[in-house]
Amino acid sequence: MNHMSRRRLNLAGESRSTLATVRSLLPYLWPRGDRGAHLRVLAAVGCLVAAKIATVYIPLIYSHAVDALSPAHHAATIPLALILAYGLLRVSSAGFGELRDAVFAAVQQRTVRRVALQTFQHMHRLSLRFHLDRQTGGLSRSIERGTAGIQQVLRMAVFNVIPTLLEVLMVTGIIWDLFDWRYALVTFGAVASYIAFTLGFTTWRVKYRREMNEMDSEANTKALDSLLNF
């Protein structure tokens with residue numbers, strides 16, 4: 001077995017935190033001089049906020065509609081208007097979510113394309129020793145995993161983490177206003193405990209995920225390079 005096959009593949013380099021990864025991608029989300037990208041990001045954020053507001057107000061309108069259908073209310077226009085508002089909010093919640101994805105897709109794909117291009121150009125600037133000892137299978141697998149990971153990180157950070165925190169704050173404020181601060185505290189505490197558990201468990205399993213990726217890259221290296229060098 002030669003030195004290249006004995007050497008353990010480690011293309012990921014030094015590990016970085018998720019926050020550092022997201023911070024490194026921010027310049028691609030807000031490129032200098034690209035007003036079109038800026039407008040798309042602002043429009044996506046606006047659709048995101050509108051979708052969350054509609055989602056939060058859906059149960060409130062639904063409760064008012066049910067109360068308006070009680071025998072104490074004789075006018076039919078009030079429950080009909082509330083039912084229409086409920087349906088409009090449901091459609092708006094889904095519609096703004098889909099519009100957000102459609103608007104942000106161009107920014108997301110442009111970010112992936114620019115990072116992949118910079119990676120490709122960087123590889124061509126490396127020394128001859130790298131190209132003689134390159135591990136084609138693991139390298140191509142790492143590039144593919146990296147581009148897919150960028151899309152997932154952007155989607156999770158922009159469309160899952162931040163909107164969830166915004167929704168939690170809005171729901172907690174509404175519960176505090178409608179009921180009491182103790183109900184809001186219990187709700188916020190339950191969600192915060194779930195977030196803490198999720199972050200802790202995710203951090204714990206990262207090492208196993210990284211080890212799995214390294215073994216997968218090593219397997220691809222041996223499989224593809226054995227065919228190339230046959």
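**Entry 1: Arg155**

I started at Arg155, which counts as partly exposed because its relative accessibility is 34%; buried means under 20% relative accessible area, exposed over 50%, and partly exposed in between, with a 1.4 Å probe and protein chains only. The model I am looking at is predicted, so local features need pLDDT of at least 70 and side-chain atom pairs count only at pLDDT 80 or more, while totals for chains, interfaces and linings use all residues. Residues are numbered from 1 along each chain as its sequence is written, and side-chain values use heavy atoms, with hydrogens and water left out.

I found Arg155 in helix 6, residues 136-178. Helices (H or I, at least four residues) and strands (E, at least two) are DSSP runs, numbered from the N terminus.

Which residues does Arg155 touch, not counting those up to four places away in sequence? I noted Asp101, Gln108 and Asn160, where contact means heavy atoms within 4.5 Å. Gln108 is 47 residues from Arg155 in sequence, and their C-alpha atoms are 8.4 Å apart in space.

**Entry 2: the whole protein**

Next I looked at the overall layout. I get 7 helices and 0 strands, running α-α-α-α-α-α-α from the N terminus on. Of the 230 residues, 23% count as buried. Among contacts with a separation of 6 or more, 81% are between residues 24 or more positions apart. The protein exposes about 16000 Å², and carbon and sulfur atoms supply 66% of that area; accessible areas come from the Shrake-Rupley method with a 1.4 Å probe, and for residues only the protein chains shown count as cover.

**Entry 3: helix 3**

I checked the length of helix 3 (residues 35-68): at 1.5 Å a residue its 34 residues should span 50 Å, and the end C-alpha atoms are 48 Å apart, which agrees. The expected span is 1.5 Å times one less than the number of residues.

Where does helix 3 bend? I see a bend of about 35 degrees at Tyr57, with a proline, Pro59, following within four residues. The bend is the angle between axes fitted to the seven residues ending at a residue and the seven starting there.

His38 is also in helix 3. It counts as buried, because its relative accessibility is 15%. Leaving aside neighbours within four places in sequence, His38 is in contact with Trp30, Pro31 and Gly33.

Val45, another stop in helix 3, is partly exposed at a relative accessible area of 42%.
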